[in-house]
Amino acid sequence: MTLTAPTLPALSTDLPPVERRAAIPGGFAAAGGVAGIKASGRPDLALVATLPGPGGGRARAAAAAVFTPNAFAAAPVRLSRAHLAATDPAGDGRFGWATGIISTSGCANAATGAAGDADQAIVAEILAAALGTTEDETLLLSTGIIGTRLPLDIVRAGVAAVAPMLAPSDDGLAAAAEALRTTDSVAKAATTTLTLPDEDGLAVRSVRVTGIAKGVGMIHPRMATMLSIVLTDATVDPATLHGLLRPATARTWDQLSVDGDTSTNDTVFLLASGAAGAPTAAAGPGRGSEVGRGGEAGGSRPPRQQSAD
């Protein structure tokens, strides 16, 4: 029997240059540290959050996601979908709004049933309380051992310790990239910078796109085993953001295969803060196309780093 699949456009070679570093885009803060989930004592808890807006609360970022196609998606995948759907029902769990992301490494919270779902909801409560935001504006990642429950007391203490370290700095994002790791030998990060024209066409604004990721095992086409957070300070609405993310994912992470396993937790989040002050990037030619090129450039390097690890 011959299997056929849709032909994807080739990965563009006309992409902006990329640096292998975690340079944080405007509008975001990040941190990473040791909670104690991993028995090794290595960093295992990463946080990314938006900065407070003029009213004091954290500004919402447009958010888009691509999740594992695995039929047994883990609790953090299901809850993140639900949160995106709650903040923008039109997205049906593919896009919405967010103010914070948490990643716990060492326990995947997969194949844990209703108890695992309840545990994940508590993690969302813990993160929302620490950030001063609402639970449905949180997104969640977990990676590690399948079939074990999250140690909630350890997660709670870890968030309490790491949240005060949130900083709008490259070091903060690099620490988050380090905390994403499980069996990775190195952290994965990539940054690119774009220039987008203002409405009058006379001036340009600098926009940054940065991605961090983890994953070296259970790598198979349609997402590989990986978690990734891509951030930009461009202004993009959630639906357009997903329209940029989905084809970029198909041409990057979806192409990896190492051991033929598709994970229960695979997730890519793309958040846009709008902090660069550039005009809104719409779908199609122009600013939207440029942001898409930047997202693909920044997003294509972590998968390559994964395949090399």
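These exercises work through a sheet and its helices in a predicted model.

**Exercise 1. Trace how β2 is paired on the β1 side and on the β5 side.**

Step 1. Start with β1. It runs antiparallel to β2 (residues 45-50), and six bridges join the two.

Step 2. Ala29 has Ala49 in β2 as its bridge partner. Gly32 stands opposite Ala46 in β2.

Step 3. Turn to β5. Five bridges link β2 and β5, again in the antiparallel sense. Here Val48 stands opposite Ile101 in β5.

**Exercise 2. Decide how far β2 is enclosed, and check each of its faces.**

Step 1. Count the buried residues, taking buried as under 20% relative accessible area. Six of the six residues of β2 qualify, so the strand is largely enclosed by the rest of the structure.

Step 2. Sort by side. Leu45, Leu47 and Ala49 are buried on one side. Ala46, Val48 and Thr50 are buried on the other. Both faces of β2 are covered.

**Exercise 3. Describe helix α2: its span, its buried residues and what they pack against.**

Step 1. α2 has 19 residues. From first C-alpha to last it reaches 28 Å, close to the 27 Å expected at 1.5 Å a residue.

Step 2. List the burial. The buried residues include Gly116, Asp119, Gln120, Val123 and Ala124. Ile126, Leu127, Ala128 and Leu131 are buried too.

Step 3. Find the partners. The buried residues of α2 pack against β2, α1 (75-87), β5, β6 and α3.

Step 4. Gly132 follows α2, with a positive phi near 70 degrees.

**Exercise 4. Show how the buried residues of helix α4 (residues 170-180) are arranged around its axis.**

Step 1. Name them. They are Gly172, Leu173, Ala176, Ala177, Ala179 and Leu180.

Step 2. Look down the axis of α4. These buried residues fall within an arc of 165 degrees, so they line one face of the helix.

Definitions and conventions
Residues are numbered from 1 along each chain as its sequence is written. This is a predicted model: local features need pLDDT of at least 70, side-chain atom pairs count only at pLDDT 80 or more; totals for chains, interfaces and linings use all residues. Side-chain values use heavy atoms; hydrogens and water are left out. Two strands pair if DSSP finds at least two bridges between them. Helices (H or I, at least four residues) and strands (E, at least two) are DSSP runs, numbered from the N terminus. Buried means under 20% relative accessible area, exposed over 50%, partly exposed in between (1.4 Å probe, protein chains only). The arc is that of the directions from the helix axis to the C-beta atoms. The expected span of a helix is 1.5 Å times one less than its number of residues. Contact means heavy atoms within 4.5 Å.
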